Amino acid sequence: MAKLSQKQRTIKRIHSTVRTLEYRKASMLTGSREYKYTQKEIDDLMEIVKGIEKYHYLNPRRNIPKLTEYASFFFSWDNAEFRNIVRMNKSTFALLTKKIAKHEVFKSKGSGRNQRPVWLQLACTLERLAHDGTGQSVHGISRQWGIASGSVSTYMKRVITALNDLSPHYIKWPEATERKQIATFIKEFHNFPSCVRYIDGTHMVLSQKPKKQGEVYFNCKQRYSMNVQA
């Protein structure tokens, strides 16, 4: 279930109070002093709702200081450190950036504000995906890159969308000749006959122990997770 914002929760509580007052008012004598007082309460509450709905946030937004230097020296890391951050070398990163850069998802629409560079969105996404919950959090990445926390999730959605659309060009079943070559290679080097592809698995870490058969989800890394094929 989607989490309600403070604004939504407040409006929901007011509407609940209004329904209670409407129920009470129905049992009162029309035109009586108590009836008029209750109606005024209802009118006042609905005016409050109208006032709340005019604003996107109930409380003033805080401007949280963010770092801006990290992006400027990101490409200055040596190859070993660069690979440790995004799990690929600089040349592969540059190629992947070029492959997804023209995707529609990276084009600004209507807001008039240009998006951050595609390479930065890709770097944030790869750094986030490179950790299984023990490394960089969304807030950690946002502070590091000098962006809003919500932007990290937005960048991930864009990059994953672009990669998914790109995947059919690279992830496909090999033709007969290629299958034979792959099978020969795997048999010679790994002594595993009639194999043309490997499928790896990964752990999707859970935030808490499941209520039903929770012990089944406890993995070798001492965390609760679901094992899925990748």
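Author: Helices here are DSSP runs of H or I with at least four residues, and strands are runs of E with at least two, numbered from the N terminus. This is a predicted model, in which local features need pLDDT of at least 70 and side-chain atom pairs count only at pLDDT 80 or more, while totals for chains, interfaces and linings use all residues. Residues are numbered from 1 along each chain as its sequence is written, and side-chain values use heavy atoms, with hydrogens and water left out.

Reader: Which residue takes a positive phi just after α4?

Author: That is arginine 87, with a phi of about 65°.

Reader: And which residues of α4 are buried?

Author: Phe82, Ile85 and Val86 are the buried ones (under 20% relative accessible area, with exposed over 50% and partly exposed in between, using a 1.4 Å probe and protein chains only). They lie on the same side of α4, because they cover an arc of only 75° around the axis, taken from the directions from the axis to the C-beta atoms. Their cover, counted as heavy atoms within 4.5 Å, includes α3, α5 and α6.

Reader: What about the largest nonpolar core, how many residues does it have?

Author: The largest core has 26 residues, and those with the most contacts inside it include Val86, Phe93, Ile100 and Trp145; such a core is a set of buried Ala, Val, Leu, Ile, Met, Phe, Trp, Tyr and Cys residues joined through side-chain atoms within 4.5 Å. Two or more residues come from each of α3, α4, α5, α6, α7 and α8. There is also a second, separate core of eight residues, among them Ile14, Leu21, Ile42 and Val49.

Reader: What does isoleucine 100 touch?

Author: Beyond its neighbours within four places in sequence, isoleucine 100 is in contact with Phe106, Val118, Leu122, Ala162, Leu163 and Leu166.

Reader: Switching topic, how many salt bridges are there?

Author: The structure holds four, each with a side-chain nitrogen of Lys or Arg within 4 Å of a carboxyl oxygen of Asp or Glu. One of them joins glutamate 22 to lysine 25 at 3.4 Å, N to O. In another, lysine 40 meets aspartate 44 at 3.0 Å.

Reader: Why are glutamate 22 and lysine 25 about one helical turn apart?

Author: Because they are three residues apart in helix α1, residues 6-26.

Reader: Is lysine 25 buried or exposed?

Author: Lysine 25 is buried at 12% relative accessible area, whereas glutamate 22 is partly exposed at 35%.
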